[in-house]
Each structure stands twice: as structure tokens, then as C-alpha cells.
Amino acid sequence: MFEIITPLFLSLIVGGTLVGIIFGAIPGMTATMAVAVCLPLTYSLGLDNGLALLLGLYVGGISGGLVPAILLGIPGTPSSITTTFDGYPMAKRGEGEKALKIGVVASLAGGLISLLVLDLFAPTLADFAIEFSYVEKFLIIFFALTVMAALSSDMLLGVFSGVLGIFVSLIGVYDISKGGNGEMRLVPPGLGYWLENGFSLLPVLIGLFGLAAILEQAEIGVPKGHSTKDIKVGAHSRFSFNVFRGQSFNLLRSGLIGTFVGILPGVGGSAASIISYTNAKTFSKTPERFGKGEPAGIMASEAGNNGLTGGALVPLLSLGIPGDSTTALLIGAFTLQGIQVGPLFIGNNPGTWDAMIIAMLIANIAMFVLMYFAIRYFALVVTIPKHILFPVILMMCVIGAYTINYGIMFDVWTLLIFGILGWLFTKIRLEVAPFIIGFILGPSAEVYFVKSLESFGTWTIFFTKSWIAIVLWVLIVGSIAGSILMARQKRRMEDHG
Amino acid sequence: MGNLTHVTINFKTSHLIFPTIIACVLGVLLVAIVIRDRKRIAASGAYWRDTWGAMDKPRFLGALALTLVYFSLMVPVGNIWPNTGLGFLLCSIPYVLATGILFMHERTPRAILPLLIVALVGPTFVWWLFTYPLFLTLP
Amino acid sequence: MKFTRRSFLAASSAAAVIAAPLGARAANLPRNMRMVIGSKSTGGDTYQTSAMVADALSKKLGINIKVDAVGASDAFKTLARDKRGTTIMIFHDQSYLGYLYGVTGYDNIFADYAIGPTVAINPGNAYLVPASSPYKTMDDILKAAADGTRIRVAIQPGGVSEIGFSAMKNAAKVRAPGSEDNIVAVNTGSQSDKNQAMWDNLADVINGSIQANEQFTQLDSSDPKAMRFVWLTARPETLEQAPEAGMGGTDRAKMLSFASPETSVTLDGSKDFTFDKEFFFLFNKDMDPEISKAIDTTLGEIYASGEIEERQKAAFFIPNYLPQDQALKHLEDKRDTYAKVIDDISSKS
């Protein structure tokens with residue numbers, strides 16, 4: 001099986017991973033976009049080499065997002081949102097380099113865990129994944145939503161922000177392609193032309209995190225100095241592998257959660273890191289440190305989103321159904337070559353299957369090596385004067401918003417609207433993190449909730465559907481109870497001190 | 001018993017179910033916030049006055065205004081040379097430069113020069129990248 | 001290594017924008033065109049067809065054509081705004097079916113846009129049952145409906161996925177009036193939702209495609225995921241052009257057995273209902289007719305040389321070039337047939 005590893009094959013993976021990292025690291029450009037623009041190249045490269053390139057882009061693109069998430073507090077891709085929660089506070093403390101290295105190591109761990117799962121259990125897991133009907137998928141989304149409460153510094157305002165995020169995500173048509181009836185709702189009269197399809201995730205995300213942060217800086221007069229306060233990368237907090245002591249279970253669990261969320265068709269890529277972050281916080285002995293620069297939070301987020309890479313390939317290669325938006329593009333690569341994907345794919349194409357596993361393995365290693373040793377150069381970004389960095393970031397945000405749906409100007413306006421909203425949120429103490437989580441998960445929550453009732457016709461189905469539903473309820477109750485206990489504890493501590 | 005938990009969803013109106021539930025939850029939360037934070041909300045007039053007073057108005061409003069102009073001009077300018085992305089290029093260069101100068105503190109020629117270079121090279125490189133290797137549409 | 005459109009363009013420099021190829025100037029064509037498509041996916045069939053056509057056209061005409069997967073409603077809006085002819089669109093039957101079914105974002109394309117030439121057919125539209133289903137054929141299904149059994153069909157409402165379902169209802173009505181009420185829709189979304197509806201036992205029949213579902217029909221019948229084709233909606237003459245080996249374990253002869261006339265879903269008691277998913281051009285109504293004519297003529301030359309047909313067949317498309325005037329007539333006839341079907345089953349008699 002090693003004859004496929006040619007110099008071309010290798011260089012495509014490494015080159016793909018590098019380009020993917022760059023795409024992931026630039027706010028507004030995503031792994032999906034990297035794969036989309038390179039898809040036509042696979043026609044001339046042939047299947048195995050083409051896949052090597054695309055998988056490199058995929059792994060690199062998912063991983064690169066952690067760089068701006070940590071250094072600038074702007075998630076490079078939607079799946080690195082949860083990385084900002086702890087990564088950016090660490091960078092502000094001057095632990096940027098440490099946070100980046102933790103993220104890179106966790107990414108590698110997540111990637112390798114999911115690859116192992118993909119290699120060993122793909123068809124079995126696909127059979128398990130189809131046990132998840134609308135009901136179980138709704139409960140998974142519900143569980144991920146419970147993190148809103150835990151993430152907020154003021155629970156009432158935080159939950160309100162999260163529910164507001166869900167509300168805003170429902171604006172526009174009830175998407176037919178997800179099972180809706182295509183009717184518009186929540187659209188003010190006269191705005192139907194623009195809001196028919198609602199707001200797109202990526203412009204909302206970079207508006208809330210990117211533009212809003214720059215507006216906040218402008219408001220206080222863009223103080224001189226570097227964009228991250230007192231940053232001396234690596235100077236007063238060195239990275240050592242000791243931070244991973246006691247975290248191997250966290251890494252394993254997060255990697256597996258990411259993998260499993262990837263396997264579930266339709267639940268979506270960004271949910272992977274949110275769910276593994278929720279889990280890490282629920283089971284942590286020190287949940288109060290999450291959101292303030294806790295290394296375990298970065299580990300959960302990054303192991304989770306890289307876990308997605310292997311997971312999302314499971315339904316693609318064993319059911320012919322993509323696990324996320326990026327793998328949906330891989331189907332195109334196969335059909336262009338006249339290769340069918342479906343339950344017989346692995347058996348019919350053992351050579352391609354091996355090539356994919358090897359490509360994923362090499363891509364993960366290449367990602368690790370490239371990123372680990374490039375960190376000091378990444379970190380230079382924060383030494384660029386703000387009056388140069390900010391306009392360039394703004395321009396990149398515009399590019400990202402405009403190109404994400406292949407040239408829709410309304411997406412650029414969305415960026416501005418949510419930039420102003422994000423600034424306003426901090427003024428009225430609403431919280432951006434729960435809002436964006438609500439916004440991401442809202443549409444799935446709706447479809448799975450309504451379809452559960454539509455299909456089964458009873459409210460009790462959420463409790464009686466299967467043992468999986470019961471397990472999910474235990475997790476949901478645990479997460480909510482944990483957040484309430486934590487809030488109480490915090491209040492008591494504030495009362496005493 | 002069975003009737004109590006039974007629901008029938010009419011597909012034609014099913015787009016309203018979830019928004020209604022969410023709107024209700026949102027309303028309840030809003031009422032709770034208003035009750036709990038009534039003092040703070042009552043004092044919000046002073047709060048906004050302070051915010052407005054402390055704001056670096058030229059930089060904040062200037063950045064907003066420049067962004068607004070930038071977004072508004074991109075498409076009309078691009079329409080002069082359809083589908084070439086020149087609208088993006090020709091608007092981004094002055095935008096990056098103007099915003100940079102706005103954010104800058106000591107506006108000496110020495111300080112403006114690197115910004116000028118970035119404002120010229122940055123958008124041009126991005127434009128080239130998207131138009132040729134990536135082959136994506138820009139305004 | 002073959003040169004693709006993208007790598008070719010990557011190699012060429014900015015000079016190409018400024019120095020227009022003479023051929024393009026002669027035909028008075030815009031040098032940079034944007035092709036919007038009615039799908040948001042760059043991995044789907046609409047994108048693939050459009051990319052092949054754009055590729056061939058841009059090589060032949062010496063102009064740039066960018067394919068943008070903006071999705072149906074934004075594609076229509078973009079096309080409607082651009083009267084200069086620098087934006088063109090490719091979409092399939094969904095464009096008028098969406099209007100017939102009253103979906104938000106769809107207008108009457110025959111009134112609002114100019115219909116251009118057709119380019120290809122995706123012959124894959126299919127209906128499937130679980131391998132363990134008591135129904136072996138469409139006849140069984142329609143008989144069961146006539147006998148009062150409820151048949152649940154998983155579809156994505158409002159277009160290509162629903163039209164076959166509407167045809168089933170119509171056939172049931174023709175065969176045994178009133179029995180169409182026993183054929184009910186299970187409204188789902190993507191292919192994965194439709195499959196899942198079958199596996200969750202929420203649907204007796206699902207809409208699918210040869211491409212996405214063929215391998216499930218090859219699974220051992222003990223596998224709970226196993227399926228069987230019961231109906232392919234394509235015209236027999238379309239399927240006859242498919243590669244003889246068919247797809248996977250289903251050869252062309254087998255495919256033909258699931259399509260009209262062997263598998264009959266009647267339209268009016270004498271003719272069979274058929275549906276081919278055809279891809280065609282849409283132009284702005286006010287666009288310079290010279291431009292659409294140039295595209296039409298060039299396409300005719302491209303199809304005459306036969307190269308694009310090979311590429312299309314390799315990706316399981318059926319080449320289907322009809323010049324603009326014939327395409328309009330053909331699509332209008334198609335629209336009228338389906339409008340009647342939809343009208344007949346929705347009016348209670």
C-alpha cells in the first residue's frame with residue numbers, strides 16, 4: 001500500500017496543509033473555501049493525488065483557525081469560536097505562545113484520535129449514527145446550547161443573549177433544503193428582498209468578533225502599543241508538555257466527541273468544538289476557570305474541531321452522506337472522477353481508502369510540524385502597529401464576507417450590521433459568546449425539534465425514543481445543574497469578599 | 001393521558017412554531033431582566049451620556065463613516081468594469097490608507113510611508129490572489 | 001497533466017484583463033462573465049454541469065467565465081439586476097417547478113427571463129423502497145393506495161423532488177379516483193434526511209437518485225439500510241444514452257426496467273409520466289440578443305465537436321444540447337404538462 005506515497009503525493013499533502021492553515025488563519029476564509037477553490041484541480045491530478053491535496057487543505061484549514069482566535073480574539077473559522085474563550089485571555093496575559101502550542105498539540109491529538117476511529121470503525125459507526133433520529137439530534141443540540149448558561153458571566157443576561165442568537169438565526173425562510181416549508185418569518189415588511197435567506201453565519205461571526213473589536217478600539221482612540229496587552233510571547237510563561245498532565249482524558253474525550261459529532265449527518269461542523277467544550281466544562285473540577293484562560297478549554301476546543309476531520313469522513317465514505325460542509329465538496333471530487341460513494345465505497349476502492357487514511361495521517365503530522373515551528377512567526381502579527389493591522393483585518397473581513405457565498409453584497413452589509421451590534425452588546429452587557437452559539441445552533445435546533453413532533457406526534461417522544469435520549473437528558477440536566485451551582489458559588493464568594 | 005401529550009403539526013404553518021416558542025422564552029427573560037436590573041436601566045441615560053463623552057468620536061464615527069462609504073462605493077465602482085474585481089481594488093486602497101491614518105497618532109511622513117506601502121500592496125495582492133489563482137468573484 | 005481553466009488562468013497574468021482576445025471583441029461579448037447557478041453547493045450536479053459548460057465556452061470564446069454557486073434566489077436577483085449581459089445563469093427544472101409549487105423566491109421564469117439553450121440531463125431522479133418492503137413495483141404501490149393503504153413518500157417539497165410524488169398521486173387519481181389521498185408526503189430535506197426517514201420507518205417510499213442510492217440497492221437484503229429502486233422518472237430515450245455499464249451494480253438494461261414504459265406511472269391513462277432533470281441557460285430579458293446568440297452558436301459548435309459529451313458522460317450526465325428556440329418550446333411544453341398534473345391533484349373533485 002506504500003506505492004501511492006510518491007513525491008507528488010507528499011508535496012500535495014504538505015502544500016495543501018500549508019495553504020489550508022493560511023486560509024484557516026485569515027478571518028473570513030475557511031477550510032470549506034480552500035477546498036472549494038481547489039476542487040477543479042483534482043480533475044487533472046487524478047483521484048488519489050487530488051484527495052491528498054483536498055484532505056491536506058481540510059486538516060490545515062480546520063487547524064489554522066486557532067491562530068487568530070488566540071492572538072486576536074477573532075475566530076479564523078466558525079469551528080474555532082470556543083478557542084477564543086480561553087485562548088484570547090491567555091494571550092492577553094502574555095501567554096500567547098503557550099496557548100498556541102497547547103492548541104497545536106491538542107489539534108494533533110484530536111486529528112489522530114479521529115483518524116484512528118475512522119480507520120478502525122467507519123462502517124460500524126455509520127450504522128450507529130443512523131440510530132440517531134430527529135429526536136436524538138435535537139437533544140444533542142440542546143445539550144450544546146446548555147453551555148450558554150455556563151459561559152456567561154451574568155447567567156440571566158447570558159441566556160438572554162443566547163436565546164436572542166437563536167431568534168436572530170431564524171430570520172428568513174424556514175429552509176426547504178433542511179426540511180422546512182420555505183415560508184418566511186420574522187422579516188420586517190419591505191426587507192424580504194434582502195432577508196429572504198436570513199443572515200449568513202460567517203459575516204455574522206466576523207462582524208461580532210472582528211469588526212466589533214476594532215470599533216471598540218476606535219472608541220477608546222486606538223491606544224498605542226500592541227494589539228494584545230503586554231504581549232511578550234513566550235517570555236514570562238513558557239510552554240511545556242506538563243500542561244497536558246492530567247488532561248489526557250480531556251483530549252481523548254474531546255477528540256472522540258468531535259469525531260462523533262462529525263459522524264452525525266447534519267449536526268454540523270461548528271457544533272463539534274462547542275459540544276466538546278461544554279463537556280470539558282461540565283466534567284472539570286475547576287469549571288469556574290473556563291472562559292478566563294484555562295488551558296483545558298483550548299484543548300477541548302481544538303481536539304474537538306480536529307476530531308471532526310476524521311469523523312465527517314465516516315458518513316461520507318460509508319453512507320455517501322457528507323458529515324459537514326467541507327466533506328460535502330469531497331463528493332464532487334469523487335463524482336468528477338466517476339467514483340460512487342456509498343455503503344460499498346470502502347470495499348470497492350480499497351486503494352483510494354488507504355490513500356485517504358495515509359493522506360490524513362501525513363496531513364496531521366505536517367500540520368503539527370508546520371504550525372509548531374511557525375508559531376513565533378504567527379505571533380509577530382501582534383507586533384504590527386494597530387493602525388496598519390486593523391485596516392487590513394477590516395479588508396480581509398470584507399473579502400471573507402463577500403466570497404463566502406460566492407459574491408453576495410448583502411453578506412458584506414451583514415458584517416457591518418453585526419459589527420455595530422457586537423459593539424452595542426458590550427455596552428448593554430449582553431454577551432457575544434452565547435449569542436453566536438445560539439445563532440449557530442438555532443436552525444438545527446428548530447428543524448430537529450419541529451420534525452420530531454411532526455414525525456412522532458407526541459411531546460413524550462423526547463423522553464421515550466431510545467436509551468440514547470435518556471443518556472443525553474442526563475448530560476443536559478448535569479450541565480444545567482452544574483451552571484446553576486457554579487453561579488451560586490460565585491455569588492457566595494462575591495458576598496464574602 | 002395520551003391526548004394531553006399528543007400534537008399535530010401542520011406543515012404549512014410549521015415555520016411559526018419554533019419562532020413563537022423562542023419569542024416567548026425571550027419575552028420572559030426580558031421581563032426578568034427588566035425587573036432585576038430596573039435601577040440600572042433607569043440610570044441608562046446617564047450611562048450613555050458618559051459613554052458618549054468618553055468616546056474618541058473622530059476615530060469611532062470616522063471609522064464607521066469610512067466603512068459605510070467603502071461598502072457603498074464598491075459595487076457601483078465595480079460595475080464600471082464588470083466582473084473584474086476592480087471595484088474592490090480601487091475602493092480598498094484608499095480605505096486602508098484613510099482608516100490607517102485615522103487610527104494613527106503621530107501622522108508624520110515617516111509613519112505614513114509603511115502604511116502607504118501596505119495600502120497599495122495589500123489590496124493589490126489580495127485582488128490578484130482572488131482573481132487569478134483562486135478565481136473567485138469580487139465586487 | 002491536463003490544463004484546467006483555473007490553472008490556465010493562474011498562469012496567465014493581469015495582462016489578460018487588459019488585452020482582450022480578438023475573438024471576444026469580434027462577437028461583441030463581455031470579456032469577463034459571471035455565471036450564477038441555482039445551487040449553493042460547489043460539489044453538486046448543477047455546479048459540475050455549469051463548470052464543464054463554462055470551461056468549454058471560455059476556452060472557445062477566449063473570455064473569462066466565473067461560476068458562482070450563489071443559490072436560486074440570489075442567482076435570480078443577480079441575473080435580474082444585470083442588463084448588460086455580463087451575468088448569465090444555469091439552472092434546472094427547479095426554476096419553474098419552484099414557481100408552480102409556489103415556493104418563496106421563485107418567479108415565472110418564462111415571463112421574467114429569456115430561456116437559453118439546454119446543455120445536459122441528470123437522469124438520476126429515482127424513487128426507492130426498503131429492501132424488505134412488500135411493494136415490489138410502482139404498480140404494487142398504486143394498487144395498495146387504491147385498496148386504502150396509506151403510502152408515505154419522503155420528499156423535499158417544492159420542486160424536482162416533489163414532481164415525481166405529484167405524478168404518483170396523479171396516477172393514483174387516474175386509476176382509482178380518491179385513492180390519491182392515500183399517498184401522503186413526508187416532508188424532509190436533504191438526501192440524508194430522506195434516507196433517515198426510511199430507516200426510522202417514517203416513510204414507505206423515498207425520493208433519491210441513482211448516484212446517491214445505487215450502492216444501497218446492492219447491500220445484502222438483511223442489512224437494515226438496504227433499498228430497492230421502484231421507479232426512475234427519466235425518459236427511456238434519455239436512459240438509453242447512459243453508459244451501457246450503468247452505475248455500480250445496476251446496468252443500463254436494469255435501469256430501463258425501472259423507467260417508462262416497463263415501469264408505468266400514468267399521466268392520463270394512455271401516456272406515461274416522465275421527468276428528466278434538464279440543465280439550461282437563463283438570460284436577462286433585456287440582455288443584448290447578440291450575446292445570447294453568440295453563446296448559443298458557440299455551444300452548438302462545442303457539442304458538434306463531441307469533447308464535452310465525453311466529460312459529461314464520465315460524470316453520469318446525458319449530453320442534451322437544444323438551441324435556444326427549441327429549448328424554449330421544449331421547456332414550455334414540459335412546464336404545461338407538470339402544471340396540469342399539479343393542478344389536477346390539488347383541485348378536489
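This briefing describes the folds of three protein chains, one contact surface and a few single residues. The model is predicted: local features need pLDDT of at least 70, side-chain atom pairs count only at pLDDT 80 or more, and totals for chains, interfaces and linings use all residues. Residues are numbered from 1 along each chain as its sequence is written, while chains are lettered from A and ligands numbered from 1 in the order in which they are written.

**Chain A as a whole**

- Chain A has 23 helices and 2 strands; helices (H or I, at least four residues) and strands (E, at least two) are DSSP runs, numbered from the N terminus.
- The radius of gyration of chain A, taken over C-alpha atoms, is 22 Å, close to the 23 Å that the globule rule gives for 497 residues, so chain A is as compact as a globular protein of that length. The globule rule is 2.2 Å times the number of residues to the power 0.38.
- Along the principal axes, the C-alpha atoms of chain A fill a box of roughly 65 × 55 × 50 Å.
- Of the 497 residues of chain A, 66% are buried. A residue is buried if 20 or more other C-beta atoms lie within 10 Å of its own, exposed if 12 or fewer, and partly exposed in between, with C-beta atoms placed from the backbone.
- Take the contacts in chain A between residues at least 6 apart in sequence: 79% of them join residues at least 24 apart. Two residues are in contact if their C-beta atoms, placed from the backbone, lie within 7 Å.

**Chain B as a whole**

- Chain B has 7 helices and 0 strands, and its pattern along the sequence is α-α-α-α-α-α-α.
- The radius of gyration of chain B is 25 Å, whereas a compact globule of 139 residues would have one near 14 Å.
- The C-alpha trace of chain B spans about 75 × 45 × 20 Å along its principal axes.
- In chain B, 27% of the 139 residues count as buried.
- Among contacts in chain B between residues at least 6 apart in sequence, 52% join residues at least 24 apart.
- UniProt, in an unreviewed entry, places the feature "domain: DUF1468" at residues 17-139 of chain B. UniProt positions are given in the numbering used here, feature names are shortened, and annotations may be inferred rather than shown by experiment.
- Residues 17-139 of chain B are 80% helix and 0% strand, and the end C-alpha atoms of this span lie 38 Å apart.

**Where chains A and B touch**

- In this interface, 50 residues of chain A are in contact with 51 residues of chain B.
- On the chain A side, helix 10 (155-169), helix 12 (201-219), helix 19 (386-404), helix 20 (409-427) and helix 21 (432-456) each supply at least two residues.
- Helix 19 of chain A gives the largest share of that side, 11 residues.
- The side of chain A that touches chain B has 33 nonpolar, 9 polar and 8 charged residues. Here Ala, Val, Leu, Ile, Met, Phe, Trp, Tyr, Cys and Pro count as nonpolar, Asp, Glu, Lys and Arg as charged, and the others, Gly among them, as polar.

**Strand 1 of chain C**

- Strand 1 (residues 32-37) of chain C is mostly covered, with 6 of its 6 residues buried.
- In a regular strand the side chains alternate between the two faces of the sheet.
- From strand 1 of chain C, C:Asn32, C:Arg34 and C:Val36 point one way and C:Met33, C:Met35 and C:Ile37 the other way.
- Strand 1 of chain C pairs with strand 2 (residues 64-68) of chain C in the parallel sense over 5 bridges; two strands pair if DSSP finds at least two bridges between them.
- C:Val36 stands opposite C:Asp68 in strand 2 of chain C.
- Strand 1 of chain C also pairs with strand 3 (residues 87-91) of chain C in the parallel sense, over 4 bridges, and C:Ile37 has C:Ile90 as its bridge partner there.

**Single residues**

- A:Ile21 lies in helix 1 (residues 7-25) of chain A and counts as buried, with 30 C-beta neighbours inside 10 Å.
- Leaving out residues up to four places away in sequence, A:Ile21 touches A:Gly60, A:Ser63, A:Gly64, A:Met367, A:Leu370 and A:Met371.
- A:Val222 is not a glycine, yet its phi is positive, near 45 degrees; A:Val222 is buried, with 22 other C-beta atoms within 10 Å.
- C:Ser260 and C:Pro261 are joined by a cis peptide bond, with omega about 0 degrees.
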